[in-house]
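This report describes a sheet, the shell around a ligand and a pair of helices. The structure comes first, and the description follows.

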Amino acid sequence: MTRVLYLIACAAGPTQHIDQGIRAAHTAGWDTCLVLTPSAARWWEDRLGELETLTGHVVRSQYKLPGQKDTLPLADAMLVAPLSCTSLNKWAAGIADTLAIGLVSEGVHMGVPVVAMPYFNQAQGAQPAVPRSVETLRAQGVSVLIGPGGYEPHPPKQGNAPSFPWGRAVAALPKAP
Ligand SMILES: Cc1cc2nc3c(=O)[nH]c(=O)nc-3n(C[C@H](O)[C@H](O)[C@H](O)COP(=O)(O)O)c2cc1C
C-alpha cells in the first residue's frame with residue numbers, strides 16, 4: 001500500500017515552488033498531502049486548485065471546526081519543508097497556533113517520523129533562539145536538516161529558492177520496509 005506523507009510548508013521562499021517538493025515526494029513513492037501555514041496559503045490562494053489536482057487531496061491550512069471530520073488520510077511520515085524561522089521557533093516553544101505546527105508537534109510524540117528542512121537567511125539564523133529551537137526539536141526526535149548535509153542558511157538577499165534541495169529532504173524520510 002502507498003505510504004502517506006504530509007508535506008507541510010511555511011511562508012518561506014521555496015514554497016513558491018512547492019510543486020517541486022510534491023513531485024520529489026511522488027518520485028520517491030509517497031502519496032503526498034499538502035498542508036500550508038495560513039501565511040503560505042495566502043501565497044497560493046488563487047492557485048490552490050492546481051496543488052489539489054497535483055496531490056489528489058484537499059490542501060489544508062486551517063484547523064477544522066469542532067465536529068468536522070478529518071479530510072486527509074493518516075500520515076506515515078511528515079516533512080516540514082521549507083520550515084520558516086518563525087515556525088521553527090514557535091514549534092520549539094510549544095506554540096501550535098497553526099494546523100501545520102499542530103500536526104508535527106503532536107505527530108512526533110505519536111510515533112510519526114518527522115523531518116524538517118529550514119530555509120532562512122544567516123541574519124534570521126543569528127537570532128539566539130534559532131540554535132536553541134533546533135536543539136529542542138532534535139531532542140524530541142525531529143530530524144532537523146540544517147547545516148552540513150542539510151540546508152545551509154544563505155547570506156541575506158542571496159537566497160535561491162528555486163534550487164531548494166527537495167531531493168535531500170525527501171531522501172531523509174524513512175525508506176519503505
Ligand atoms: C516574500 C516573503 C518571503 C519570505 N521568505 C522567508 C524565508 O525564506 N524564510 C523565513 O524564515 N521567512 C520568510 N519570510 C517571513 C515569513 O513569511 C514570516 O516570518 C511568517 O510569519 C512565517 O509564518 P509561517 O511560518 O506561519 O508560514 C518571508 C516573507 C515574505 C513576505
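Predicted model: local features only at pLDDT ≥ 70, side-chain atom pairs only at ≥ 80, totals over all residues.

## Sheet

Y6 has C33 as its bridge partner in β2. Strand β1, residues 4-9, runs parallel to β2, and six bridges join the two.

β1 and β2 belong to an open sheet of five strands, with the order β2-β1-β3-β4-β5 and parallel pairing. At the edges are β2 (31-36) and β5 (143-144), each of which pairs on one side only.

## Shell around the ligand

The ligand is surrounded by 15 residues, and the closest of these are A11, A12, T37, S84 and S87. By class, the shell has seven nonpolar and eight polar residues, and no charged ones.

Two helices, α2 (38-44) and α4, supply at least two residues each to this shell. The most come from α4, which gives three residues.

## Helices α4 and α5

Two packed helices are described by the angle between their axes and the distance between the axes. For helix α4 (residues 85-92) and helix α5 (residues 99-107), the angle is about 45° and the axes are 10 Å apart. α4 and α5 are therefore oblique to each other, and their crossing is right-handed.

On the α4 side, the contact involves S87, K90 and W91; on the α5 side, A100, I101, V104 and S105. This contact of α4 with α5 has four nonpolar residues, two polar residues and one charged residue. S87, which takes part in the contact with α5, is also among the closest residues to the ligand.

Definitions and conventions
Residues numbered from 1 in each chain as written. Axes fitted to C-alpha atoms, helices over the stretch in contact; angles between N-to-C directions. Helix = DSSP H or I, 4+ residues; strand = E, 2+ residues; numbered from the N terminus. Parallel < 35°, antiparallel > 145°, perpendicular 65-115°, else oblique. Left-handed = near helix turned anticlockwise from the far one by under 90°. Contact = placed C-beta atoms within 7 Å. Nonpolar A, V, L, I, M, F, W, Y, C, P; charged D, E, K, R; others polar. Near = placed C-beta within 6 Å. Pairing = 2+ DSSP bridges.
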